Structures are given as structure tokens and as C-alpha cells.
Amino acid sequence: MKRVLVVNPNSTHAMTAALEEQFATLRHRFPASVLFDFYTAPPDAPKAIEGSVESVHSASVVYADLTGATPEGRFLRADGTAVVGLSVYDAVLVACYSDHPLINMLREHFITDRKPVLGIMQASLLHALAIGCRRISVVTTAKRWEPLLHAGILATGVSPGFLASGSCCTFPGVLSTGLGVLEMESKPREEVVARVAAAAVAMVREAGADAICLGCAGMVGLKEGVEDALGGAGMSGVAVIDSVLAGLHFASGLAWVH
């Protein structure tokens, strides 16, 4: 039996609950031999991660909590129950769509036994590349994430390209929906789907994207609605990648490979 820890690095329990709820409906798609625990950052972490400052703050708080916040080496899961610390896990998934500093911090923590640590951004890109997509775009939340994600994605090795030059590229760019992270939960679902879908259609029409990565953990479960909108616009061949589900699948596989 393998165990994967899914880390929500913000302190909003409703977002963790949404991840767990979506996972529960799709549990049959994952190996029964892999157990998943969902974790929410402590109250002193940001309620939402809207940029670099919140990313660094949340990484600091969560790292301290996960690596020995209590004398017993335990931390609290989202449901309030205590579990043994990081040593029991075979892989960790950081559920924030960014080049979140916690990812490399935990990789350093596991430097001796090389346990895999993955972010949902990296997982979505790997998923898109694995299915043959060559023009991978991201739909994100607030406008300030556009340059941050652009830099973070290029740091993974995905190359930039420019449609006007006719070059073969893998990353046309990032487009904001204008929604805040917490609005993924607070706004009516129909409005959220419409805003995400509109951005996806724009990236296909204007940048020639053949894959749309849903660039926020709060977008979990929106894949079908975005696919329907793309199909209605005559773009049914475009892949829509749910970054959380991609991350869960990669993390469960890496847990066994490790």
C-alpha cells in the first residue's frame, strides 16, 4: 500500500473540501492500492495564494507544519484528525497551480530517500505533452498570475513561441479569467464555468492552443463544462486538462515507481 499527501497550501478548508469531493466521485479511476490524505495549511497561512508574496508565506508556514510542528511529529489533516508526519508518505502533491516554492523545499527535505514531490502545474504540462499537444495554454484566475505563470512554466523547460513567426512552439501563453482564487468557490458555478470557458475559447481562437490547462486548484471539476463550451464553438478537438486530476494520477504512479 502506498500513501500520497495532497497539500492545499492555503488555509481555506472549503477549497480542500472541494478537492476531496471531486476526488471521491472519481475514486474508482485511481488504484485501490494508493491512499490519499488531504491537508489544509494552518490558519496563519494565506486564505488564498494570489501572487509571489502569498506563495512564499504559505510555503514557510506549511513547511514548518509538515516537517515537525508538534513534538509527536504529527500534523492535522483537513478533517482535523492527526496523522503521522511526512515519513509515512510515498509522494506529495502540492495543489497550487504555480511554481510554488514549497515544491522544491519538500524535495530538499526528501533529498536522502528521493521521494517524489510534484505540483499540479507541472503535472498538467506533462499530461498535455504526453498526449501529443504542442500548443499548450493555461487559463488562470487573477491578471497578476499571467506573468508569474509564464515565468514558472518556462522554468520547467517548456519553450516559448510566437504565433506570428510561424514557429513550432509548445507554449502560446496564459490568459486570466479575472476571477480571484476564492471566487472559484464563492461565485455561482455557472458564472465560473462561463468565465473559464470564455478564456479557453479565446486562447484557442487567438493563439491556436491545442490544449487548455485549468490553472487553479479551484477549477477542479470544470473540465466537462469547458469541453462543452469549446465543442459549441467548433473546437471539440482541443484537450482540456484538469490539473488536480492530472496531479493525482501522476503522484499515485510516482509513489509506486519510487
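A polar contact is a pair of N or O atoms within 3.5 Å; within protein, one atom must be able to donate a hydrogen and the other to accept it, and residues adjacent in sequence count only if both atoms are side-chain atoms. The model shown here is predicted: local features need pLDDT of at least 70, side-chain atom pairs count only at pLDDT 80 or more, and totals for chains, interfaces and linings use all residues. Residues are numbered from 1 along each chain as its sequence is written, and side-chain values use heavy atoms, with hydrogens and water left out.

**Stop 1: Ser124**

Select Ser124, which is placed in helix H4 (residues 120–130). Helices (H or I, at least four residues) and strands (E, at least two) are DSSP runs, numbered from the N terminus. The Ser124 side chain reaches the backbone oxygen of Met121 at 2.8 Å. Ser124 is buried, its relative accessible area being 0%. Here buried means under 20% relative accessible area, exposed over 50%, and partly exposed in between, with a 1.4 Å probe and protein chains only.

Next, display the surroundings of Ser124. Leaving aside residues up to four places away in sequence, Ser124 touches Tyr97, Cys213, Ile241, Ser243 and Ala246; contact means heavy atoms within 4.5 Å.

**Stop 2**

Move to Asp37, found in strand S2 (residues 34–40). Is Asp37 buried or exposed? With a relative accessible area of 7%, Asp37 is buried.

Arg3 and Asp37 form a salt bridge, with the closest N and O atoms 2.6 Å apart. Arg3 belongs to strand S1 (residues 2–8) and Asp37 to strand S2, so the pair ties together parts that are 34 residues apart in sequence. Arg3 is partly exposed, at a relative accessible area of 26%. A salt bridge is defined as a side-chain nitrogen of Lys or Arg within 4 Å of a carboxyl oxygen of Asp or Glu, and by this rule the count comes to 6 salt bridges.

**Stop 3: the phenylalanine cluster**

Select Phe23, Phe30, Phe36 and Phe38, which form one aromatic cluster. Rings of Phe, Tyr and Trp (its six-membered ring) pair if their centres lie within 6.5 Å; planes under 30 degrees apart count as stacked, over 60 as edge-to-face and the rest as tilted. A search of the whole structure finds 4 aromatic pairs. One of them joins Phe23 and Phe30 in a tilted arrangement, 5.2 Å centre to centre with 50° between the planes. Phe30 also pairs with Phe36, edge-to-face, at 5.6 Å centre to centre and 75° between the planes. Phe23 and Phe30 are both buried, and Phe36 is buried as well.

**Stop 4: Lys2 and Trp256**

Show Lys2 together with Trp256. The charged end of Lys2 sits over the Trp256 ring, 5.1 Å from its centre. The criterion is that NZ of Lys or CZ of Arg is within 6 Å of the ring centre and within 35 degrees of the ring normal.

**Stop 5: helix H7**

Select residues 189–207, which make up helix H7. At 1.5 Å a residue, its 19 residues should span 27 Å, and the end C-alpha atoms are 26 Å apart, which agrees; the expected span is 1.5 Å times one less than the number of residues. Buried residues of H7 include Val192, Val196, Met203 and Ala207. The buried residues of H7 pack against strand S7 (136–140), strand S8 (173–176), helix H6 (183–186), strand S9 (211–214) and helix H8 (223–232).

Now colour Glu191 and Arg195, whose side chains meet in a salt bridge (3.3 Å, N to O). Both lie in H7, 4 residues apart, about one turn of the helix. An α-helix has 3.6 residues a turn, so residues three or four places apart point the same way. Arg195 is partly exposed at 31% relative accessibility, and Glu191 is partly exposed at 29%. Following H7 is Gly208, with a positive phi near 70°.

**Stop 6**

Select Lys143 and Glu146, joined by a salt bridge of 3.2 Å, N to O. Lys143 is exposed at 56% relative accessibility, whereas Glu146 is buried at 14%.

End at Arg114, in the loop between helix H3 (101–109) and strand S6 (117–119). Although Arg114 is not a glycine, its phi is positive, about 55°. Arg114 is exposed, with a relative accessible area of 60%.
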